[in-house]
Amino acid sequence: MVQAGMETSQSVEACVPSAPVTTARHAPTPESSATPFAADADGCDLVTVPARQGLEAVDILRRGAGDSVGPVLHDDGCDTLGFVVPAGTAAGWDVPGSTCTETDGRGSCLNPEPPVEGSDWLLPPGEADLATDPAVLRAALGEAARLIEAADNCR
């Protein structure tokens with residue numbers, strides 16, 4: 001799935017752990033949202049977020065109407081989660097505190113083995129949709145950031 005020679009798109013705003021993380025200013029747009037791909041068609045991109053925000057987003061997506069979350073990776077240190085999204089998502093991805101890695105259509109077949117050494121599936125292919133819709137993911141990450149900020153402000 002994720003191979004050498006990838007390009008990444010990262011938000012220009014850095015994710016600073018002590019500062020509140022929010023995606024509220026970044027509403028979904030038609031240009032940066034694509035429909036889920038067929039496993040052997042266009043490949044996939046990978047949106048990587050901090051684990052806390054990613055786990056909240058997975059919960060939000062799984063509570064939503066229907067199955068709207070695709071395969072999700074986690075690293076061995078459980079520091080980050082990676083959401084499989086349709087190829088081309090990286091070109092329009094602008095969510096602060098996240099990175100979208102472009103695969104250029106390579107490695108389009110998702111298999112049960114984790115694609116990157118030192119990672120494992122939180123939601124493996126076959127148990128989830130083929131990809132998470134970028135607009136739905138963007139909204140879930142925004143809601144997750146707001147929930148985390150509210151929880152942190154209650155301490």
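Helices (H or I, at least four residues) and strands (E, at least two) are taken here as DSSP runs, numbered from the N terminus. On that basis, the protein has two helices and six strands, and its elements follow the order β-β-α-β-β-β-β-α from the N terminus on. The model is a predicted one, in which local features need pLDDT of at least 70 and side-chain atom pairs count only at pLDDT 80 or more, while totals for chains, interfaces and linings use all residues. Residues are numbered from 1 along each chain as its sequence is written, and side-chain values use heavy atoms, with hydrogens and water left out.

Of the 155 residues, 43% count as buried (under 20% relative accessible area, with exposed meaning over 50% and partly exposed in between; 1.4 Å probe, protein chains only). The accessible surface comes to about 7900 Å², and carbon and sulfur atoms account for 52% of that area (Shrake-Rupley method with a 1.4 Å probe; for residues, only the protein chains shown count as cover). Among contacts (heavy atoms within 4.5 Å) between residues at least 6 apart in sequence, 86% join residues at least 24 apart.

Five of its seven residues are buried, so E2 is largely enclosed by the rest of the structure. Strands are said to pair if DSSP finds at least two bridges between them. E2 pairs with strand E4 (residues 80-86) in the antiparallel sense over seven bridges, and Leu-46 has Val-84 of E4 as its bridge partner. With strand E5 (residues 99-102), E2 forms an antiparallel pairing over four bridges, where Val-47 stands opposite Cys-100.

What of the cysteines? A search of the whole structure finds zero disulfides (pairs of cysteine sulfur atoms within 2.5 Å). For Cys-100, the nearest cysteine sulfur is that of Cys-44, 9.8 Å away. Cys-100 is buried, at 0% relative accessibility, whereas Cys-78 counts as partly exposed at 47%.
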